[in-house]
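User: I have a model open and would like to learn how to read it, one feature at a time. Can we start with burial and charge?

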Amino acid sequence: MFDIGAYLAQFSETWNLFIRWKLPAFIDDNEDGRFGLIDGKPALARIMMPLVGAVMGICLYLPLWGITAVFGHVAGAIAAAVFAPPVIELATGWTGLSSLATYFQLRRAGASQDEALFARPQSMTEPRPPVSMIGMLTIYVLRMVMFGALGSVYCSFWFIVVLTGGYLVRMHLCGMNEPGGTVGDHYYALPDEKMQKYGWYAGLGVMLIAGIFHIPATLIGFIFTGGIAWLAKQLCLDSISGINRQAVDVFGYTAEIILLFLGVLLFTGPAM
């Protein structure tokens, strides 16, 4: 029998792995523990990850759509540029931006790929070299510009595609082993092998619904997501022979940037 409460509880646990803002208490009600923990981790965490991105994207889309509909595309562009990036960063505790900046900082300093991916994620309160701070600011401003560009052409729906895709990449990577782990010691295990593709189905469904009036562009976004996930996995296998939280955040956040740029090309390019 389908138990919506158990699935909501699993979603809540997965949400708490990535998002600092708590969901309503009723969602976390899982009295029977039907889907409990596997090695201390939510049993359905992986297939819930794209839904976490989807909910974040919807929370961005709805107010931005309202602003654009009422005040026009200029107001929509300004709101998207000013509102979307800080909401995402504050909700995630700046982990993606911080991890990517740390990765580039170490690579610039001569660290190898595996050293950069094994680095401990830094908090925003820790001191950083000036180059790292400039890199973080550059990435942040770039995201602002791309969010604003998409907001200016009434394409805030693409933010749902972007965040769903970013968490699909995270989901794909979390199916790998932890570095040094034994075979089958997945970063986030699935209770049933037949469910391993459910996250991809859920992500594709969310993207198609969000982009119902732009199906070709949405399918391109999904294909890019799959390609990024495959490439990120190969890079992790070649460098650290597995996955850790630093690599998850680096590649998930990078996927969001690539998908944002893809959206800008698709909706604001010369062909439009």
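User: Is glutamate 256 buried or exposed, and what is its relative accessible area?

Analyst: This is a predicted model, and the values below are computed from it. Burial is read from relative accessible area, and under 20% counts as buried. Glutamate 256 has 2%, so it is buried.

User: Which residue forms a salt bridge with glutamate 256, with the closest N and O atoms 3.0 Å apart?

Analyst: Side chains of opposite charge can pair when their charged atoms come close. Here the partner at 3.0 Å is arginine 170.

User: Which side chain meets arginine 143 in a salt bridge?

Analyst: That of glutamate 256, with an N to O distance of 3.5 Å. This pair also links distant parts of the chain: arginine 143 sits in helix 6 (residues 130-152) and glutamate 256 in helix 10 (residues 245-268), 113 residues apart. Arginine 143 has a relative accessible area of 1%, so it is buried.

User: Which residues are linked in a network of salt bridges?

Analyst: The network is made up of Glu89, Arg143, Arg170 and Glu256.

User: How many salt bridges does a search of the whole structure find?

Analyst: The search finds four. One of the salt bridges in this model joins the side chains of arginine 245 and aspartate 249, at 3.1 Å from N to O. Its two residues both lie in helix 10, four residues apart, which is about one turn of the helix. Aspartate 249 has a relative accessible area of 3% and is therefore buried. Arginine 245, at 27%, counts as partly exposed.

User: Now helix packing. At what angle do helix 2 and helix 7 pack, and how far apart are their axes?

Analyst: Two packed helices are described by the angle between their axes and the distance between the axes. For helix 2 (residues 45-71) and helix 7 (residues 158-173), the angle is about 160° and the axes are 7 Å apart. Angles over 145 degrees count as roughly antiparallel, which is why helix 2 is described as roughly antiparallel to helix 7.

User: Is the crossing of helix 2 and helix 7 left-handed or right-handed?

Analyst: The crossing is right-handed. Sorted by class, the contact of helix 2 with helix 7 contains 16 nonpolar residues, three polar and two charged.

User: What about loops: where does glutamate 178 lie?

Analyst: Glutamate 178 is in the loop between helix 7 and helix 8 (198-210). With a relative accessible area of 28%, glutamate 178 is partly exposed. Sequence separation and spatial distance should be read side by side. The C-alpha atoms of glutamate 178 and glycine 242 are separated by 5.0 Å, while the two residues are 64 residues apart along the chain.

User: Last, the whole chain. How many helices and strands does the secondary structure come to?

Analyst: The protein chain has ten helices and two strands. Read along the sequence, these elements follow the pattern α-β-β-α-α-α-α-α-α-α-α-α.

User: What percentage of the residues of the protein chain count as buried?

Analyst: Of its 272 residues, 49% count as buried. Contacts can be sorted by sequence separation as well. Among contacts between residues at least 6 apart in sequence, 79% join residues at least 24 apart.

Technical notes
Residues are numbered from 1 along each chain as its sequence is written. This is a predicted model: local features need pLDDT of at least 70, side-chain atom pairs count only at pLDDT 80 or more; totals for chains, interfaces and linings use all residues. Side-chain values use heavy atoms; hydrogens and water are left out. Axes are lines fitted to C-alpha atoms, for helices over the stretch in contact, and angles run from 0 to 180 degrees between N-to-C directions. Angles under 35 degrees count as roughly parallel, over 145 as roughly antiparallel, 65 to 115 as roughly perpendicular and the rest as oblique. A crossing is left-handed if the near helix is turned anticlockwise from the far one by less than a right angle, and right-handed if clockwise. Ala, Val, Leu, Ile, Met, Phe, Trp, Tyr, Cys and Pro count as nonpolar, Asp, Glu, Lys and Arg as charged, and the others, Gly among them, as polar. Buried means under 20% relative accessible area, exposed over 50%, partly exposed in between (1.4 Å probe, protein chains only). Contact means heavy atoms within 4.5 Å.
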